[in-house]
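Me: I would like to learn how to read a model of this kind feature by feature. Could you take each idea in general terms and then turn to the case at hand?

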Amino acid sequence: MSSIPGVSRRRAGTSSRGTTDNISVSVRIRPLSDTEERSSQTAAASRSWSNTERSIQSIKPGADAVFTFDHVFGENTCTKDVYEVIGRDLVTSAMEGINGTLFAYGQTSSGKTHTMKGSDD
């Protein structure tokens, strides 16, 4: 079971409704780097969004942008928790001979390596 409140693991390929899923889309918000923290422009931009366990939304006045995903992992989520929720069952299924792919996508410096490897902390 996941240690993230409100988020549970599920068998790869099966939704919480018991139907078959072919694709699950998750987002992990990476922490700002030291350089980004020192940049007031980057820090201000990162504070213009908030997230729940399933969505990211703009908190700018007058903006109504909301993006919904199967899972949203906040910047304080550790790599082990991401693995427990979206990776463990995929790996188990692969070991049982079922094909699966965990695909990290994003622009340069968006957090792909951070998500796959974690931090030294």
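Reply: Let us begin with charged side chains: a salt bridge is a side-chain nitrogen of Lys or Arg within 4 Å of a carboxyl oxygen of Asp or Glu. A search of the whole structure on that criterion finds 1 salt bridge. Keep in mind that this is a predicted model, in which local features need pLDDT of at least 70 and side-chain atom pairs count only at pLDDT 80 or more, whereas totals for chains, interfaces and linings use all residues. Residues are numbered from 1 along each chain as its sequence is written, and side-chain values use heavy atoms, with hydrogens and water left out.

Me: Which side chains meet in the salt bridge?

Reply: The side chains are those of Arg 88 and Glu 84, with a distance of 2.6 Å from N to O. Because Arg 88 and Glu 84 are 4 residues apart in helix H3, about one helical turn separates them. Helices here are DSSP runs of H or I with at least four residues, and strands are runs of E with at least two, numbered from the N terminus.

Me: What is the kink in H3, and where is it centred?

Reply: The bend at a residue is the angle between axes fitted to the seven residues ending there and the seven starting there. In H3 there is a kink of about 55 degrees, centred on Gly 87. The expected span of a helix is 1.5 Å times one less than its number of residues; a straight helix of 17 residues would span 24 Å, yet H3 spans only 21 Å between its end C-alpha atoms. Gly 87 is also one of the buried residues of H3, which include Val 82 and Val 85. Just after H3, Gly 97 takes a positive phi of about 95 degrees.

Me: Which strands do the buried residues of H3 pack against?

Reply: Packing is read from contacts, where contact means heavy atoms within 4.5 Å. By that criterion, the buried residues of H3 pack against strand E1 (26-28) and strand E5 (71-73).

Me: How many aromatic pairs does a search of the whole structure find?

Reply: Rings of Phe, Tyr and Trp (its six-membered ring) pair if their centres lie within 6.5 Å; planes under 30 degrees apart count as stacked, over 60 as edge-to-face and the rest as tilted. The search finds 2 aromatic pairs. Trp 49 and Phe 67 have ring centres 6.0 Å apart and planes at 40 degrees, so this pair is tilted. Because Trp 49 lies in strand E2 (residues 49-51) and Phe 67 in strand E4 (residues 66-68), the pair ties together parts that are 18 residues apart in sequence. Trp 49 is partly exposed at 40% relative accessibility, and Phe 67 is partly exposed at 42%. The rings of Phe 103 and Tyr 105, with centres 6.2 Å apart and planes at 20 degrees, form a stacked pair, and both of these residues are exposed.

Me: Which residues does Ser 48 touch, not counting residues up to four places away in sequence?

Reply: Ser 48 sits in the loop between helix H2 (40-46) and E2, and at 9% relative accessibility it counts as buried. With those sequence neighbours set aside, Ser 48 touches Gln 57, Ser 58, Ile 59 and Lys 60. Ser 48 and Lys 60 are 12 residues apart in sequence, and their C-alpha atoms are 5.8 Å apart in space. Ser 58 belongs to strand E3 (residues 55-58) and, at 13% relative accessibility, counts as buried. Leaving aside neighbours within four places in sequence, the contacts of Ser 58 are Ser 48, Trp 49, Ala 63 and Ala 65.

Me: What pattern does the protein chain follow when read along the sequence?

Reply: The chain has 4 helices and 5 strands, arranged along the sequence as β-α-α-β-β-β-β-α-α. Buried residues make up 24% of its 121 residues. Among contacts between residues at least 6 apart in sequence, 46% join residues at least 24 apart.

Notes
Buried < 20%, exposed > 50% of the residue type's maximum accessible area, 1.4 Å probe, protein only.
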